[in-house]
Amino acid sequence: MKQVVQNYKSGELALLDVPVPGCKPGGVLVRSAYSLISTGTELMKVSEAGMSMVGKARSRPDQVAKVMQSVATNGVPATYRKVMGKLDSYTPLGYSLCGVVEEVGAGVDDVKAGDLVACAGNEHALHAELNWVPKNLYAPVPDGLAPRHAAFGTVGSIALQGVRQGESRLGEVALVIGLGLIGQLVVQLLTASGVRVVGVDPDPVRCELAERLGAAACGDPASAAVEATVAELTGGHGVDQVYLAAGGGSNEPVELAARLCRDRGRVVDIGKCRLDLPWNAYYEKELDVRFSRSYGPGRYDPEYELEGRDYPIGYVRWTERRNLACFLDLLARGSVDVEPLVSHIADFDDAVETYRSLKDGELKAVAVLFRYPEQAGHAAAPVVAVPAVAVPTASRKPSPVRAARTPVRLAFVGAGNYATSMLLPHLARRDGVELATVVTTTALSAANAQRKFGFAGATTDLDAVLGDKSVDAVFVVTRHSSHAELTRRALLAGKSVFVEKPLALTEDELASVLTAVEESGNDRLQVGFNRRFAPLLQEAKKQFGARTGPASLRYLVNAGRLQHGSWYLRQGTEGSRFAGEGGHFIDTASWLLEADPVSVYAVAASGNEDLQVVLRYPDGSTATISYVTTGAPGFPKETLDVLADGKVLRLDDFVRASVHGPGKWVSSRLPKARDKGQSAQLAAFVKAVRTGGPMPVPLESLVATTAATLAVRAGLAGGAPVTLAGAR
């Protein structure tokens, strides 16, 4: 299928061929009929992409701050690779469309194949021929409403949420500053609510359009006529509400709002304009400044948007989805008219040229729609799913290990930030490796990985990859909740498997993986515990030498806080942060102490995710892992000490190491970057696949580390040490 994409580094716009997205549970696969270009938001992104690197930095100071934090935590080289990787990737455009349901995922019962729906979201309602859309981000289109009008659903919801924030009442007077697409819709919604509206915009054509759509009067912000009209309509008191629907870097909108608003009036920011509030003006009138967060309650809440958990209507009357449905109803009843806003309808094949014309000013438009080609037969019947890989019986012989095969053919399931910054760069340039196929649920991420790393194919069909006998090994680099199931299926398909940590989030998931090993006879498994492969730590262990007595190990992990909205915070589906990351530190401790733990004791600080985990080992050694989220962001992330036999090994964040004892060893110089062992681990895994030799880490150790990580949760719940089953 085709999708509009942009490279933020070069500014390139392209209509790219990408794999069809899969239809996941909890959502629907939608074939686009019309999608709407947001001439404000999208053109701002397009313009930013054309800036120099300095210009990009100036336009996004929030992102610059994140980069500086990453430099402090991960070092300059790793941060540079990460930032360049993100910049030099195709990103999608679009967030408002109307289309036909082509396939219905499990758990969805309110629509069926062939239904017309309006869809929202900058990750799900993209300018693409097909999109997977979760349940709370689509709404059925009322009978009789034209698809091109329903494509306005998302921007209509944005305008509607802004009006709701203003709490307009019958007979009031409102000022709308900025008469672009959102501003025109706000004018109509206010007028439909019985509010008299004055509009402000420097473009006389837009002012005339707003007056035709119901505004009492409109004019240039510098015009004295605007102030005169406000004075006439309000008896000199000023407007009840001001809606900021303008963009740009000028502070004039907020100054005009203060000048024309009544005492204790409301100012609602809907657009993205400069907000340098003149303190005296806002203080003296005691103005109520409010923000309107996009489409409404639920926005940026992954449990609502991705998992489909609705808010009770008795507590949250107007959610994202209910706003979307409400706006569609207003369109169907004629209370809002979007046809006068449609300046141009372009064929989807002409998308790149359309963006260029808008950016260069050749096409003057309030709203532009992409029209997609009709697909005969697609609206009537769902796509037939490919049968799942059959589970082998106990008597079935396992797939043979492809020893001495050159090159080793690898498939990646998942192509997120970790895969593209920490794994694929090492594999793409490695001799004897062929990147065969990348599998993702979102088409564009697969296409990006294929373009950047040279995969021979890209798809959203996992079963086809697992059934491909030429694929030697499968990398599972998806979100945590899917690791165990994908690993199980790949093992049953006879593949060698590299799965990023964690291997499993529950005891049942771990058991399912081990059952697959038993049923298939395939134990070719490696978990991404890379720190034991770090050259600096390996050299320090060698310098420390053999132990004769028990050791005390202390591992401080200054994990830091996560940004709001990070999927790592979805504990209900993705597990706790320690469940996802803690295996790294347990595996490192066990490797240094050359044994698997026999018991786990965990305590947690109140009110945050700070943990103290104590592991006990067969020879009496102990390891204490302090996993802290409340530390200073500038402090090193990982510091480790091992004390035994009158010696001390110290590791400082994979930058410097030392061993103190009868003699003293200190790593000679600071490395160019923190090498946490990813490259060496991948080399060991590829060698094992090629030669048929043992996996880099024994299966027993991988299972023991996973079991110990899971025991932390049980220990926290029970408040007592947990003895690990099978500990020796």
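D350 sits in the loop between β15 (342–347) and α14 (351–360), where helices (H or I, at least four residues) and strands (E, at least two) are DSSP runs numbered from the N terminus. This is a predicted model, in which local features need pLDDT of at least 70, side-chain atom pairs count only at pLDDT 80 or more, and totals for chains, interfaces and linings use all residues. Residues are numbered from 1 along each chain as its sequence is written, and side-chain values use heavy atoms, with hydrogens and water left out.

**D350**
- With a relative accessibility of 40%, D350 counts as partly exposed, a class that lies between buried (under 20% relative accessible area) and exposed (over 50%), computed with a 1.4 Å probe on protein chains only.
- D350 and R371 are separated by 21 residues in sequence and by 9.7 Å in space, C-alpha to C-alpha.

**The three-stranded sheet**
- An open sheet has the strand order β2-β1-β4 with antiparallel pairing, and two strands pair if DSSP finds at least two bridges between them.
- Its edge strands, each pairing on one side only, are β2 (13–17) and β4 (90–92).
- Strand β1 (residues 2–7) pairs with β4 over three bridges, and Q6 stands opposite T91 in β4.

**S32**
- S32 belongs to strand β3 (residues 27–37) and is buried, its relative accessible area being 5%.
- Among the residues that S32 touches, not counting those up to four places away in sequence, are L97, C98, A128 and Y372, contact meaning heavy atoms within 4.5 Å.
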